[in-house]
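Please keep the sequence and the three-dimensional view at hand while reading.

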Amino acid sequence: VGGLVGEQESGSIRDASVSGVMKATDDRVGGLVGDFEGDLITGASATDLTVNGDDQIAGGLVGDLDTGLVDNSTVRNAVVNAADEVTGGLVGEIDDSSIVNSSVKNVTVLGDDDLGGLVGNVDNGSLVDSVVVDGSVNATNGNGFDIGGFAGVVVDGSIANASVTGVRVDGDGDTGGLVGQLGDGKDAASITNASVNGTVIG
């Protein structure tokens, strides 16, 4: 479920904007696109937005980003909530994809596990570069795992030139100002040139 497109398997989205309430009873919900397997999203914005998923994988802009690029895009004044896991202020889950030159501001991310101010789960060699996060990340009832101000879990991927400011991160286990869990003992995960300013409760 998406405010503009439910599922996109090819092509691009340019200079699109959304606001309002998006609700899904299944998984993969995003303010703009629920499931994106296309080439490029650029110049997109989501403002004054509420995204609610009754299952897993929710994002302020994209629920599930698979083999695509998000560039120069923003989420502002939003609440993103998945009843289960994998929730991010911009993207819920990123797989074999990239997010660059983008930001989230005044965004609250809610759920159980794998929660991030920008992205819930980073996997399969994905890259996140030159991104700013300003908001809060809270596990429902304060008892979730893998909670990060920037990303909940980075299994296999890279974060570079990341800034997290004014963030409040509240979880139970594997809770961090930038990333809740980095790596899984098998795949490569890295962080380069990152800063955090905020509060972490775990």
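The sections below treat the basis of the model, its strand pairing and its salt bridges.

## Basis of the model

The model is predicted: local features need pLDDT of at least 70, side-chain atom pairs count only at pLDDT 80 or more, and totals for chains, interfaces and linings use all residues. Residues are numbered from 1 along each chain as its sequence is written, and side-chain values use heavy atoms, with hydrogens and water left out.

Strands (E, at least two residues) are DSSP runs numbered from the N terminus, as are helices (H or I, at least four). Two strands are taken as paired if DSSP finds at least two bridges between them. Strands of a sheet pair through backbone hydrogen bonds, either parallel or antiparallel.

An open sheet is formed by six strands in the order E4-E8-E12-E15-E18-E21, with parallel pairing. Its edges are taken by E4 and strand E21 (173-176), each of which has a single partner strand, so one side of each is left without a neighbour in the sheet.

Within this sheet, strand E12 (residues 85-88) is joined to E15 by three bridges in the parallel sense, and Thr87 stands opposite Leu115 in E15. Strand E15 (residues 113-116) also pairs with strand E18 (residues 145-148), again in the parallel sense, over two bridges. Here Leu115 faces Ile147 in E18, while Gly116 has Gly148 as its bridge partner.

## Pairing of E3, E7 and E11

E3 and E7 run parallel and are joined by seven bridges; Lys23 stands opposite Asn52 in E7. On E7 there is a further parallel pairing, with strand E11 (residues 74-82), over eight bridges. In that pairing, Gly53 has Ala82 of E11 as its bridge partner.

## Salt bridges across the chain

Side chains of opposite charge can pair when their charged atoms come close. A salt bridge is defined here as a side-chain nitrogen of Lys or Arg within 4 Å of a carboxyl oxygen of Asp or Glu. The structure holds four of them.

Lys23 belongs to strand E3 (residues 17-24) and Asp54 to the loop between strand E7 (45-53) and strand E8 (58-59), so the pair ties together parts that are 31 residues apart in sequence. Asp54 is partly exposed, at a relative accessible area of 41%; buried means under 20%, exposed over 50% and partly exposed in between (1.4 Å probe, protein chains only).

A salt bridge between Lys105 and Asp134 has its closest N and O atoms 3.0 Å apart. The pair links distant parts of the chain, with Asp134 in strand E17 (residues 126-139) and Lys105 in strand E14 (residues 98-111), 29 residues apart. Both partners are partly exposed: the relative accessible area is 21% for Asp134 and 42% for Lys105.

## The network around Arg28

Which residues are linked with Arg28 in a network of salt bridges? The network consists of Asp27, Arg28 and Asp64.

Arg28 is partly exposed, with a relative accessible area of 27%, whereas Asp64 counts as buried at 6% relative accessibility.
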